[in-house]
Amino acid sequence: MFKKLIEDAIIPHYQTIGSVGLDLHSIEATSIEAGKRGIVGTGLRIHLSQGIEGQIRPRSGLAAKHGITVLNSPGTIDTDYEGELKVILYNTGDGTFSIEKGDRIAQLVLPIVTGK
């Protein structure tokens, strides 16, 4: 399902048996100033089967502790998208937010799409 575009990319996995979202990790160190947005790469490509939609959602811990959210939440990944998974983060907090390589930055949820 996932293909590494960069050797250091981290393949997402479910953290617990009850997890619904897969954690997406940053492939780069960067920062986002208060009131600004940034696009953060994961170094991954995903292949989704027909009937599956990818949704990129915020991590509740980043939102609660630092005011970091996914700007277009949920971000939709269509089955025919072939580019790198990138996350648009927005800093609603008061200070600059630093991201280190390997940090968990968002969640990927894979709901089944019906109706077509």
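Which side chains meet in a salt bridge of 3.1 Å, N to O? They are those of Asp23 and Arg104. A salt bridge here is a side-chain nitrogen of Lys or Arg within 4 Å of a carboxyl oxygen of Asp or Glu. Asp23 lies in strand E2 and Arg104 in strand E11, 81 residues apart. Strands (at least two residues) and helices (at least four) are DSSP runs, numbered from the N terminus.

The model is predicted: local features need pLDDT of at least 70, side-chain atom pairs count only at pLDDT 80 or more, and totals for chains, interfaces and linings use all residues. Residues are numbered from 1 along each chain as its sequence is written, and side-chain values use heavy atoms, without hydrogens and water.

Buried residues make up 37% of the 116 residues. Buried means under 20% relative accessible area, exposed over 50%, and partly exposed in between (1.4 Å probe, protein chains only).

The whole structure has three salt bridges. Asp23 also pairs with Arg59, with the closest N and O atoms 3.4 Å apart. Arg59 sits in the loop between strand E6 (54-57) and helix H1 (60-66), so this pair ties together parts 36 residues apart in sequence. Asp23 and Arg59 are both buried. Arg104 is partly exposed, at 37% relative accessibility. Shared partners join Asp23, Arg59 and Arg104 into one network.

Asp8 and Lys101 form another salt bridge, at 2.6 Å from N to O. These residues are 93 apart, and each sits in a loop. Asp8 is partly exposed at 45%, and Lys101 is partly exposed at 47%.
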